[in-house]
Amino acid sequence: MLGQSKAFSGFSVDDIKKAREFYGGALGLKVSEANGLLTLHLVSGATVLIYPKPNHLAATFTILNFPVDNIEKAVDDLTRRGVHFEHYDDQLKTDETGIFRGGGPLIAWFKDPAGNICSVLEQKGKQS
């Protein structure tokens, strides 16, 4: 029944203005706003809805993954734009820049202003 539906994902934030500045400014994504809601327009053609929620609780899992050709360059560029990368010292030990190099793809996690977790992960030839 829903096989032909153009489904999309969404998540909540506690401050739409900060979310717009972060996703549009710091991350450089195309963002539109209508009726107090934001829509991220991803290069893949997918859209993601961001909606305000007064009692927002940050996601404890990764909500958006951004494939990049060169993770070191992406982390450096985003850091210069004010993005702060998470540092872990448990089973997912990250290096001084926040990159996990312990097996699987190289990946670095960061949070949006509402505390939702996003990542950049190295996948050669997958960057837009």
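Author: What follows is a set of questions and answers on this predicted model.

Reader: What makes Phe85 and Phe110 an edge-to-face pair?

Author: Ring centres must lie within 6.5 Å to pair, and planes over 60 degrees apart count as edge-to-face. The centres of Phe85 and Phe110 are 5.5 Å apart and their planes stand at 70°, so the pair is edge-to-face.

Reader: Why is this pair said to tie together parts of the chain?

Author: Phe85 sits in the loop between H2 and S6, while Phe110 belongs to strand S7, so the pair links parts that are 25 residues apart in sequence.

Reader: How do you know whether Phe85 is buried or exposed?

Author: Buried means under 20% relative accessible area. Phe85 has 9%, so Phe85 counts as buried. Phe110 has 1%, so Phe110 counts as buried too.

Reader: What kind of pair do Tyr88 and Trp109 form?

Author: Tyr88 and Trp109 form an edge-to-face pair, with 5.6 Å from centre to centre and 75° between the planes. Tyr88 lies in the loop between H2 and S6 and Trp109 in strand S7, so this pair ties together parts that are 21 residues apart in sequence.

Reader: What makes S5 and S6 edge strands?

Author: They belong to an open sheet of four strands in the order S5-S8-S7-S6, with mixed pairing. Strand S5 (62-68) and strand S6 (99-100) each pair on one side only, and they are the edge strands.

Reader: How do you know that S6 and S7 pair?

Author: Two strands pair if there are at least two bridges between them. S6 and strand S7 (residues 107-111) have two bridges, so they pair, and the sense is antiparallel. Phe100 has Ile107 in S7 as its bridge partner.

Reader: Which helix packs on this sheet?

Author: Helix H2 (residues 71-80) does, touching S5, S6, S7 and strand S8 (117-122). The direction of H2 makes about 140° with that of S8.

Reader: What is the strand order in the sheet that contains S1?

Author: The order is S1-S4-S3-S2, in an open sheet of four strands with mixed pairing. Its edge strands are S1 (9-13) and S2 (30-34), each pairing on one side only. From one strand to the next, the twist averages 25°.

Reader: What makes S1 and S4 a pair?

Author: At least two bridges are needed. Five bridges join S1 to strand S4 (residues 47-52), so the two strands pair, and they run parallel. Ser12 stands opposite Tyr51 in S4.

Reader: Where does H1 lie?

Author: H1 lies across S1, S2, strand S3 (37-41) and S4, and runs at about 155° to S2.

Conventions
Residues numbered from 1 in each chain as written. Predicted model: local features only at pLDDT ≥ 70, side-chain atom pairs only at ≥ 80, totals over all residues. Heavy atoms only, no water. Contact = heavy atoms within 4.5 Å. Axes fitted to C-alpha atoms, helices over the stretch in contact; angles between N-to-C directions. Phe/Tyr/Trp six-rings, centres within 6.5 Å; stacked < 30°, edge-to-face > 60°. Buried < 20%, exposed > 50% of the residue type's maximum accessible area, 1.4 Å probe, protein only.
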